[in-house]
Amino acid sequence: MSQMEIAQIIEQIKEEIEVDASGKAKASVRATARLAGVDDESIRKALKSSADPAPSKLAVMLMAQGFSSADLNLWRTEGIPK
């Protein structure tokens, strides 16, 4: 994806990204999916499976980085931190 394409996507999804007073950013699942070039439902399914006996590859990778399955489940409804 070119820098121009990324800039266009960011312009389209900027309403779905929040930055709090401390500078922490959070994006909706839909916005994250647009940036990743995937369907938002696939992100939701991957995050939902984090609590399953056989979590998705994405969930396993995120948990290996220190995220808990509770974090991943919360992202489905609250948004994904930057």
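**Helix packing, sheet and salt bridges in a predicted model**

The crossing of α3 and α5 is left-handed, a label used when the near helix is turned anticlockwise from the far one by less than a right angle, with right-handed standing for clockwise. This is a predicted model, in which local features need pLDDT of at least 70 and side-chain atom pairs count only at pLDDT 80 or more, while totals for chains, interfaces and linings use all residues. Residues are numbered from 1 along each chain as its sequence is written, and side-chain values use heavy atoms, with hydrogens and water left out.

The overall layout comes next. The protein contains 5 helices and 3 strands; helices (H or I, at least four residues) and strands (E, at least two) are DSSP runs, numbered from the N terminus. Read from that end, the order of elements is α-β-β-α-α-α-α-β. The C-alpha trace spans about 40 × 30 × 20 Å along its principal axes. Among the 82 residues, 24% count as buried, where buried means under 20% relative accessible area, exposed over 50%, and partly exposed in between (1.4 Å probe, protein chains only).

As for confidence, the mean pLDDT of the protein is 80, and 95% of its residues reach 70 or more; pLDDT is the predictor's confidence in each residue, from 0 to 100. Among the elements, β1 has the highest mean value (86), whereas helix α5 (residues 69–78) has the lowest (75). Where pLDDT is low, the predicted coordinates should not be read in detail.

Back to the helices. Two packed helices are described by the angle between their axes and the distance between the axes. Axes here are lines fitted to C-alpha atoms, for helices over the stretch in contact, and angles run from 0 to 180 degrees between N-to-C directions. Helix α3 (residues 40–48) and α5 have axes that come within 8 Å and cross at roughly 150°. The two helices α3 and α5 are therefore roughly antiparallel to each other, given that angles under 35 degrees count as roughly parallel, over 145 as roughly antiparallel, 65 to 115 as roughly perpendicular and the rest as oblique. Helix α3 also packs with α2, at an angle of about 110° and with the axes 8 Å apart. Helices α2 and α3 are therefore roughly perpendicular, and their crossing is right-handed.

Helix α3 also holds Lys48, which counts as exposed at 53% relative accessibility. Between Lys48 and Ile80 there are 32 residues of separation in sequence and 13 Å in space, C-alpha to C-alpha.

The 3 strands form an open antiparallel sheet in the order β1-β2-β3. Its edge strands, β1 and β3 (80–81), each pair on one side only; two strands pair if DSSP finds at least two bridges between them. Strand β2 (residues 25–27) is joined to β3 by 2 bridges, and these strands run antiparallel. Lys26 stands opposite Pro81 in β3.

Finally, the structure holds 2 salt bridges, each a side-chain nitrogen of Lys or Arg within 4 Å of a carboxyl oxygen of Asp or Glu. In one, Lys14 meets Glu11, with the closest N and O atoms 2.8 Å apart; Lys14 is partly exposed, at 43% relative accessibility. In the other, Arg30 pairs with Glu16, and the closest N and O atoms are 3.3 Å apart. Arg30 belongs to helix α2 (residues 29–36) and Glu16 to the loop between α1 (3–13) and β1 (17–19), so this pair ties together parts that are 14 residues apart in sequence. Arg30 is partly exposed, with a relative accessible area of 44%.
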